[in-house]
Amino acid sequence: MYCSATAANIYVGAKRSHKTVSSAILSARDGDTIFVDAGHYREKNLIIDKSIILKGIDFPVLDGEKKYEIISITANGAVVDGFKLIHSGVSSLEDLSGIKVYDSRDVVIRNNILEDTFFGIYIQNGINCSIENNQLIAVGFEEQQSGNGIHCWKGDSLKVIGNQISGHRDGIYFEFVKNSVIWRNVSKNNLRYGLHFMFSNDDMYVNNVFRNNGSGVSVMYSNRIKMFSNYFEENWGDAAHGILLKEISDGFMEGNYFTRNTSGIYMEGANRIYMKRNVFENNGWALKIQASCMDVVLELNNFIGNTFDVGTNGSLVLNKFKNNYWDKYEGYDLDKDKIGDIPYRPVSMYSMIVEKYPPAMILFRSFITSLLDKTEKLIPSLTPENLKDTAPMMKRAF
Amino acid sequence: MNKIIKYVITDILRNKIVLIYTGFLLAASLSVFSLEDNSSKGLLSLLNIILIIVPLVSIIFSTIYMYNSAEFIELLVSQPLKRNAIWLSLFTGLASSLSIAFLIGAGIPVLIYQANLVGLTMILTGVLLSVIFAAIAFLATVKTRDKAKGIGAAIMLWLYFSLLFDGLVLFILFQFADYPMENAMIALSALNPIDLSRILILLQLDVSAMMGYTGAVFKDFFGASNGLIFSFFVLLSWIVIPVWYSTLKFNSKDL
């Protein structure tokens, strides 16, 4: 058509004029759409240096032959949609990836399947890029020989939405990324962290599932992070936490579920975190809050069926617990305002003992340790005096 | 032998104490499950019953029963019966009636409210503890002729196993805090059937907390099939050794 002079459709396939994707890209101009038929393509390193839309029909396979980075994007506004990428090369020196974006903006990577890639999708200095509905499955066995699923190094306004990541070193990795959103992803069975955050400010993650990762989720050295309605499940091991908050300031957490973790949240040097309406269920420790934390507020959270509710390492308490529901609370409510009349101390003496002498865990729930706990409740001596919920709820907070 | 067992069981049933014990267990376990809003908390309360009440009732009742049936035993010995058979059938009758009482009293509510691995472990350990403490009671009665002394010994043994032993372990743990104590802890736990049962249940109940570093050591040991077989055999030997030793003593005892 006359008016479409700037946007042509180019087809690639065994029966088309272009047999390879690279020759199609060579002849394409900015704004063109390249449709790729199903098939098995060995393109070595495919470089997209034009603002084109690359669309796969029925998941054509791009094979990196265990040597190459499969797709490299260096153009703004490029789109990669509907491919199956397999067997990228492995190199710790160059961080070979399934799809890597270099210094570009508005790139869209969606509906792809990545199998056996070293790094999955790698954004290196990207702005306003989206990574949507991709499936990433790696088969790494050791942390050293495995890359991250979605790796974002330096970026702004990125959108990571609806991806499924498993078997990588870190499921999602953010470093120096600002104003970005991570939404509806499932990151499970990764070797190290489900989500790894470093030096990334003003980000938000919502409705994600992080399950059974080597060490859970780790958020470090970041400010103003918001977390809503995420699920942290089944992260087991001494160094495994539902979420590790280290040197985090001004965070906000609401509606998250922490289920069956060794410790639900581990906080170290966290300041001004506001936690509201989260659910901690069946964890070893619902919350480990080190004495280095300040102005952390916990309000209206439910603590149900945890072995220990709160663990800490010192007597200094600069945090506030208010109106939480603790299933171990044994107080009463005489004035019937649904708030317990006596404060609840969530740190049990035995959790302090186990913190110091881990093998003591073997005596947990024995008669003598229950006696010790009860005595401590009457006359607190080991547990921090100020760590208490002054107004615990009698029924679940929500 | 079967006749003696049958007689012992009917005698115990007529005695009513075991019936009351069954009723108590039933009432207690039904109420802990229906009072708590989540049934895992009910399991915790039941854990205390299993670890404290069951051994206590088992050891005290067996001791008193043995002393009260001293004349019956003398009568049996005067018959053409082997002493082995008399002693073992007394033990079988007593242990099985206590186990049945436990199965009805605690087993049925557990199966109703928590028919899973935790519940089944609890039922199994409860039955084993009933039998173990009956065996220990037999040992206490065969060693002392005086009734008051024997019952005193039984109470002291119960106190030792359920309270003092853990205190000692805690003391040892604190004294040797600088050394790797995980394996020593496993070895120590074999010396107390209550501890061993508690750990087996703990590994099901508090698996998240037990998966911490040292926890992982315990989990690796007790959670693996070898460890389970080991703990099962240790619990069985807690039955076999006292019964065997008390049978030896009874064989040569001057009644």
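Here are some questions and answers about the two-chain model above.

This is a predicted model in which local features need pLDDT of at least 70 and side-chain atom pairs count only at pLDDT 80 or more, while totals for chains, interfaces and linings use all residues. Residues are numbered from 1 along each chain as its sequence is written, with chains lettered from A and ligands numbered from 1 in the order in which they are written.

Q: How many helices and strands does chain A have?
A: Helices (H or I, at least four residues) and strands (E, at least two) are DSSP runs, numbered from the N terminus. The C-alpha atoms of chain A fill a box of roughly 85 × 40 × 30 Å along the principal axes. Counted this way, chain A comes to 3 helices and 39 strands.

Q: What percentage of the residues in chain A is buried?
A: A residue is buried if 20 or more other C-beta atoms lie within 10 Å of its own, exposed if 12 or fewer, and partly exposed in between, with C-beta atoms placed from the backbone. Chain A has 398 residues, and the buried share is 47%.

Q: Which strands stand at the edges of the open sheet of 12 strands in chain A?
A: Two strands pair if DSSP finds at least two bridges between them. With parallel pairing, the order in chain A is β4-β7-β10-β13-β16-β19-β22-β25-β28-β31-β34-β37. Two of these strands have a single partner each, so one side of each is left without a neighbour in the sheet: β4 (46–48) and β37 (308–311).

Q: Which residue of β28(A) is the bridge partner of S218(A)?
A: Strand β25 (residues 216–220) and strand β28 (residues 241–246) of chain A run parallel and are joined by 5 bridges. In β28(A), the partner of S218(A) is L244(A).

Q: Which residue of β8(A) does I53(A) stand opposite?
A: β5(A) pairs in the parallel sense with strand β2 (residues 33–36) of chain A over 4 bridges, where K55(A) is the bridge partner of F35(A). β5(A) also pairs in the parallel sense with strand β8 (residues 79–81) over 3 bridges. In β8(A), the residue opposite I53(A) is V79(A).

Q: Is K338(A) buried or exposed?
A: Most residues other than glycine have a negative phi. K338(A) has a positive phi of about 70° although it is not a glycine, and it is found in the loop between β39 (325–326) and α2 (349–356) of chain A. Because there are 11 other C-beta atoms within 10 Å, K338(A) is exposed.

Q: How many residues does the contact take from chain B?
A: Two residues are in contact if their C-beta atoms, placed from the backbone, lie within 7 Å. Chain A gives 27 residues to the contact, and chain B gives 34 residues.

Q: At which residue does α3(B) bend?
A: Helix α3 (residues 39–68) of chain B has 30 residues and reaches 40 Å from its first C-alpha to its last. The bend, which is the angle between axes fitted to the seven residues ending at a residue and the seven starting there, is about 30° in α3(B), at I50(B).

Definitions and conventions. Expected span 1.5 Å × (residues − 1).
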